[in-house]
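Hi,

Here is the structure I promised to pass on. Have a look at it first, and my notes on the sheet and the pockets follow below.

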Amino acid sequence: MPQPSELSDDEKALIAAARAAADNAYAPYSNFHVGAAVRAEDGRIFTAANVENASYGLSLCAEANAIAAAAVAGVRTLTHVAVVGYPAAAPDGPTLATPCGRCRQMIAEFAGGDAIVLVQSRDGTQTLRAPFREILPHAFGPDRLAGG
């Protein structure tokens, strides 16, 4: 795993934005806060947090919320996705909250295999930095529908 010092300044800023978003999560049921920040091809950054619902199934993941915000703004290509998640009871622990399968599929829709996924623990001691193709190999994307 890379050390935080090995990340670019832009990547550090993106992780900081995800961390700030996580602090605003609405997670009264799981008490697990997740924040995401996505960088569009044009450099714009969109952030979001998880938003839970008493029926659980209607809960929304931070990554999906950030991607939806980018899409509504006209973004069609992401270059980076950053995620920070932590249990509210231990916010400064070493937890790495990688995107769930649904969110990985959402990322596949807007980020190519070379897009960078960054996942960092709230305390900053652990960082995962990988091209998206390593996070979800053989993803089902729009190119499959076109017979590619």
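Predicted model: local features only at pLDDT ≥ 70, side-chain atom pairs only at ≥ 80, totals over all residues.

Two strands are taken to pair if DSSP finds at least two bridges between them, and the strands themselves (E, at least two residues), like the helices (H or I, at least four), are DSSP runs numbered from the N terminus.

Residues are numbered from 1 along each chain as its sequence is written, and side-chain values use heavy atoms, with hydrogens and water left out.

Five strands make an open sheet in the order 2-1-3-4-5, with mixed pairing. Strand 2 (45-49) and strand 5 are its edges, each pairing on one side only. Strand 1 and strand 2 run antiparallel and are joined by five bridges; Ala36 has Ala48 in strand 2 as its bridge partner.

Strand 4 (residues 111-120) and strand 5 are also antiparallel, again with five bridges. They form a hairpin with six residues between them, and Gly124 in the turn has a positive phi of about 75°.

Thr127 lies in strand 5 (residues 127-131). Is Thr127 buried or exposed? Its relative accessibility is 0%, so Thr127 counts as buried (under 20% relative accessible area; exposed is over 50%, partly exposed in between, with a 1.4 Å probe and protein chains only). The side chains of Thr127 and Gln120 are joined by a polar contact of 2.8 Å (a pair of N or O atoms within 3.5 Å; within protein, one must be able to donate a hydrogen and the other to accept it, and residues adjacent in sequence count only if both atoms are side-chain atoms).

**The pockets**

A pocket here is an open set of points on a 1 Å grid over the protein atoms alone, where a 1.4 Å probe fits and protein lies on both sides within 12 Å along at least five of seven lines; lining residues have an atom within 4 Å of a point.

The largest pocket holds about 230 Å³ of space. It is lined by 19 residues, and Phe32, Val34, Asn50, Cys61 and Ala62 are the closest to its centre. Strand 1 (32-40) and helix 2 (62-72) are the elements that give two or more residues to this lining.

The second largest pocket has about 150 Å³. Its lining includes Phe132, Arg133 and His138, and helix 5 supplies the largest share, three residues.

Best wishes

Technical notes: Points joined across faces, edges and corners; volume = space filled by probe spheres on them.
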